[in-house]
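Please read it alongside the coordinates.

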Amino acid sequence: MNRPERKTYFLKTFGCQMNVYDSERMAEALARDGYSETSDVDGADLVILNTCHIREKAAEKVYSELGRIRDVKNERAKDGKNTVIAVAGCVAQAEGPEITARQPAVDLVIGPQSYHRLPELIARTTVDRKHIVETEFPGDEKFARMKAPRRISSPSAFLTIQEGCDKFCTFCVVPYTRGSEYSRSVAKIEAEARELARAGAKELVLLGQNVNAYHGEGADGRTASLADLIRTLAAIEGVERIRYMTSHPRDMSDDLIAAHADVPQLMPFLHLPVQSGSDRILAKMNRKHTAAEYVDLIARIRKARPDIALSSDFIVGFPGETEQDAEDTIALIEAVGFAQAFSFKYSARPGTPAAGHGDQLDEAVKSERLLRLQAVLDAQQVSFNAQSLGGVVPVLFERKGREAGEFVGRTPYLQLVHAAGDGDLIGKTANVAVNETRRSSLSGVISAA
């Protein structure tokens, strides 16, 4: 008796770490439903684009990709093969029925909170031959239903603890695509973390759109903070490192700052977006903090953990930004000092308040200011990495490098490190003597020190 041929899926992920986490969970749900993954989009029975709405022209890039996938679907149909096309993620949530209207080849549009229903919805599209748009916000049901044993492809594992945001920054679509803030309970997060540790994870990266606003139910029934959660996870056998992202300055509480000093597993690296150094622009962004408050907060964090490395996000060319506003941002960067950072030109997101502002800036002005700002940030990253030259750093190795015998990992400060070693170093922490530094990485040799 011949077994039925196993169905295949092709999954492409755009954007942030939370999308990577969601893609992993979708893959697990599909594996339970009899699918196997393929890297060949032309031969896939199911194609999923897990999309991001944050970057410039994100939706248009998705539609361009869908045009190519539609052609694949039509070619397969000539051979009597059915192809299901699904759009997931934040573009799916934001665009909804417009996606199937603009690209009728799409069978399923599914928002971030409904991934637990993916196999069921795919089956419905096959039977009903109708477009399905599923973009509800069913709270914790997504996590409760996606209980497959977690697969890990790296000793550093993502773990979503919080979703959504209540801050409503005027440039951001997250409150509209991910909904209001929701925190998972400590018990459920701890159970998933233990499962990851048993599977070989040495580092947990706690994810949330506004992760330090975490306020989940604790073991005693009272609300637990992110610091409480971190202390619980640090007690799990096998967990050597803990990180979290992305944070908001308004939610950087005293107990979380103290955890950076007290919990050895909590890495000395903090991504804390400021967006601008101009109080006028910060107010227009509805960031709810001033530049001076941010600088003061950084001083408090550094007092608790002097060696902490900082990262941030910057938006250049926000509507109404003047040359003085741009200079204020550069002044903040020079005052704080960052190990790395992400910087972008402002681009309007449909449905956000800032998109309707009449004082939009010319692209040439935004480009010039971005280059100027990035030159300062790049110089700071080069300077930070140069401090490691000639020293020894502990590196958790995550994967093989391009060269024979080379492995790639990260320092506690999230620096990428390339080093040659004997045997299999993946999942192991080893000291590396750094003999070369670049803007975005370090190189060295395994050290006995």
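**Notes on the predicted model**

Ser278 is buried, at a relative accessible area of 2% (buried means under 20% relative accessible area, exposed over 50%, partly exposed in between, with a 1.4 Å probe and protein chains only). This is a predicted model, in which local features need pLDDT of at least 70 and side-chain atom pairs count only at pLDDT 80 or more, while totals for chains, interfaces and linings use all residues. Residues are numbered from 1 along each chain as its sequence is written, and side-chain values use heavy atoms, with hydrogens and water left out.

1. Surroundings of Ser278. The residue sits in the loop between strand S14 (269–271) and helix H11 (279–285). Helices (H or I, at least four residues) and strands (E, at least two) are DSSP runs, numbered from the N terminus. Apart from neighbours within four places in sequence, Ser278 is in contact with Asp325, Asp328 and Thr329, where contact means heavy atoms within 4.5 Å.

2. Gln275, in the loop between S14 and H11. Gln275 belongs to the loop between S14 and H11 and is buried, with a relative accessible area of 7%. Its phi is near 80°, a positive value in a residue other than glycine. Most residues other than glycine have a negative phi, and most peptide bonds are trans.

3. Other backbone points to check. Phe168 has a phi near 55°, again positive in a residue other than glycine. Phe168 lies in the loop between strand S8 (162–163) and helix H7 (174–177) and is partly exposed, at 39% relative accessible area. Met245 and Thr246 are joined by a cis peptide bond, with omega about 5°. Thr246 is located in the loop between strand S13 (241–245) and helix H10 (254–262).

4. Cavity. How many cavities of 30 Å³ or more does a search of the whole structure find? The search finds 1. A cavity is a set of points, on a 1 Å grid over the protein atoms alone, where a 1.4 Å probe fits but cannot get out; lining residues have an atom within 4 Å of a point. Grid points are joined across faces, edges and corners, and a volume is the space filled by probe spheres set on the points. The largest cavity holds about 60 Å³ of space. Its lining consists of Ile315, Val316, Glu321, Ala326, Thr329, Ile330, Arg369, Arg372 and Leu373. Strand S15 (309–316), helix H13 (323–336) and H14 are the elements that give two or more residues to this lining. By class, the lining has 5 nonpolar, 1 polar and 3 charged residues (Ala, Val, Leu, Ile, Met, Phe, Trp, Tyr, Cys and Pro count as nonpolar, Asp, Glu, Lys and Arg as charged, and the others, Gly among them, as polar). Thr329 is one of the lining residues and is also one of the contacts of Ser278.

5. Aromatic pairs. Rings of Phe, Tyr and Trp (its six-membered ring) pair if their centres lie within 6.5 Å; planes under 30 degrees apart count as stacked, over 60 as edge-to-face and the rest as tilted. By this rule the count is 6 aromatic pairs. Why is the pair of Tyr9 and Tyr35 edge-to-face? The ring centres of Tyr9 and Tyr35 are 6.5 Å apart and the planes are at 70°, so the pair falls in that class. The pair links distant parts of the chain, with Tyr9 in strand S1 and Tyr35 in strand S2 (residues 35–37), 26 residues apart. Tyr9 is buried at 2% relative accessible area, and Tyr35 is buried at 6%.

6. A pair involving H14. Phe384 and Tyr413 are also edge-to-face, 6.1 Å centre to centre with 75° between the planes. Phe384 lies in helix H14 (residues 363–386) and Tyr413 in the loop between strand S18 (406–410) and strand S19 (416–420), so the pair ties together parts 29 residues apart in sequence. Phe384 is buried, at 17%, whereas Tyr413 is partly exposed, at 22%. Elsewhere, ring pairs link Phe171, Phe318 and Tyr346 into a cluster.

7. Thr8, in strand S1. Thr8 is part of strand S1 (residues 7–13) and is buried, with a relative accessible area of 16%. Not counting residues up to four places away in sequence, Thr8 touches Tyr35, Ser36, Thr38, Gly43, Ala44, Asp45 and Leu46.

Note on methods: On a 1 Å grid over the protein atoms alone, a cavity is a set of points where a 1.4 Å probe fits but cannot get out, and a pocket is an open set with protein on both sides within 12 Å along at least five of seven lines; lining residues have an atom within 4 Å of a point.
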